[in-house]
Amino acid sequence: MNSNMMGGEDSEQSMGGMNQGGMGSMMNHGNVPSLASSEGSNELAIPPLLEKQQGQNYDYEVVAQQGTTEFFNGISTETYGYNGDLLGPTLTIEEGKKVDVKITNDLNETTTFHWHGLEVAGEIDGGPFDEIQPGESRIITLEADQPAATLWYHPHVHEMTAEQVYRGLSGMLLIDSSDKEDPAIPNEYGVNDIPLIFQDRLFDEDKQLNYNQLMNEDGTLGDVSIVNGTINPKLTVTEPIMRFRLLNGSNARNYTFSLSNGASFTQIASDGSLLDEPVEIQELTLAASERAEILIDFSKLTAEESLAIINDEDVELLPFDVKLDGATADSTEMWTTEEPFLSQEEKEMPVEKNIELFGMMDMVTINGKKFDADRIDLRQEQGVTEVWEVYNKKDMMGGMIHPFHIHGTQFKVISRDGKEVDPDEQGLKDSILVNPGEKVKILVTFPEKGVYVFHCHILEHEDNGMMGQIEIY
């Protein structure tokens, strides 16, 4: 993705007051900058599909590199990207297949390549100590031995993850169904199947991503909204039913998405799989690193109506320019399930592991400890299912939301504070939003061996040591 795909509108966006929605409940310890509505002046950039290599001993190559991006007219902002200046191409792996990927670090600093949500052996997971030095390359084999899903890839080098993501290192990783899923689900990438990477950024007075100056140890929050690296985006829609793959790729911000006309939309998938059944909803909250797939029916709009994806402050994040040319939506039957998402036996399994999330800024811990590379915190047998209870302990100020992520697995959410979860969480997950004072039970199985990390996905908290290690044997 090069700089001219990002748009070049000079979009001065100012810091506002406290967000009273999802972000307000998250950042109780400080103000949250408001975002400005998109002016709709730049067509949304669609990350290109990563093309297979010809005549090489690997299928794909992913290169972390430095670049520049023209977010603002006539101003070059220094950025990082994969195979380009900003963000990265979309890597697709067919369900049940393997691909060989050459990963190369062309940065002038150490990085890692973490395949977020992909169930791979610990040695190639790309965790904090699977480092690739500047100028180094290696070839790894990724296998999609799990259901079709929207995953992503990003760096995970210890104490540098937040800055490298902030500068632009993120990309989509899609597991494509071998039978192209259900015929009711659009699957023409870039036409009716659109990835949406939502991020917020702060720029300094020189319009640079000066992380060391701008960072916040409780999560760096921006006042500029960026979707797929595009400021002031719009998307021209020509198909009546559109599938959107939503990724909260921000360092810390929670997003609560809805449609500007108040209409419902259909959620079909969570982080790691299709939902047990599609669910009609009017709003959807994603914490940092969470994903969801939704369908929007544009055929119901009148010619006079406008439509946009908005947040809980009614800020237009992505307005649509609808040009259907009279096209109507076909009547389709969505899938239903005969088996419950959780069996009675799974619901009644005892808790085997307790996880306590606590703290703020650099005083963050898991089970009272900060990350230690030489310490294994937990052990679990490969292929054995256990119940974890994740507790977000309040502090004297009430606490803050912590999005909890486990590497190397896709889990099921059993309950929140003893209550069955809503239908929109009845799909496989690798990240889970945990509210202050809340206890969430999850059903965890690791299909591969190795050492994996689990952590808060507020990236600054992760860098500050809110992370532990589990050995799968």
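Predicted model: local features only at pLDDT ≥ 70, side-chain atom pairs only at ≥ 80, totals over all residues.
**What the record says**
- UniProt, in an unreviewed entry, places the feature "domain: Plastocyanin-like" at residues 66–178 and 349–471.
- Take a look at residues 349–471: this part of the chain is 47% strand and 4% helix. Its end C-alpha atoms are 22 Å apart.

- In general, the strands of a sheet pair through backbone hydrogen bonds, and the pairing can be parallel or antiparallel.
- Here, four strands in the order 4-9-8-6 make up an open sheet with mixed pairing.
- At the edges you will find strand 4 (91–94) and strand 6 (114–116), each of which pairs on one side only.
- From one strand to the next, the twist averages 25°.
- Strand 8 (residues 149–154) pairs with strand 9 (residues 171–176) in the antiparallel sense, over five bridges.
- To find this pairing on screen, look for Leu-151, which stands opposite Leu-173 in strand 9.

**The largest cavity**
- Rolling a probe the size of a water molecule over the atoms shows where empty space is left.
- There are four cavities of 30 Å³ or more in this model.
- The lining of the largest cavity includes Phe-71, Leu-86, Tyr-166, Arg-167, Gln-199 and Ile-226.
- Sorted by class, its lining residues are six nonpolar, three polar and two charged.
- Domain 1 (42–176) and domain 2 (193–322) each supply at least three residues to the lining of the largest cavity.

**The second largest pocket**
- Where does the second largest pocket lie? Domain 2 (193–322) and domain 3 (344–472) both give residues to its lining, so the pocket lies between them.
- Its lining has 23 residues, and those nearest the centre are Thr-285, Arg-416, Asp-422, Asp-424 and Glu-425.
- Helix 1 (22–26), strand 18 (284–286), strand 19 (291–297) and strand 28 (419–420) are the elements that give two or more residues to this lining.
- The largest share, three residues, comes from strand 18.
- Its lining is made up of ten charged, seven polar and six nonpolar residues.

Note on methods
Residues numbered from 1 in each chain as written. Heavy atoms only, no water. UniProt positions renumbered as here; feature names shortened; annotations may be inferred. 1 Å grid on protein atoms, 1.4 Å probe; cavity = no way out; pocket = protein on both sides within 12 Å on 5 of 7 lines; lining within 4 Å. Points joined across faces, edges and corners; volume = space filled by probe spheres on them. Nonpolar A, V, L, I, M, F, W, Y, C, P; charged D, E, K, R; others polar. Domains from an automatic or database assignment. Pairing = 2+ DSSP bridges. Axes fitted to C-alpha atoms, helices over the stretch in contact; angles between N-to-C directions.
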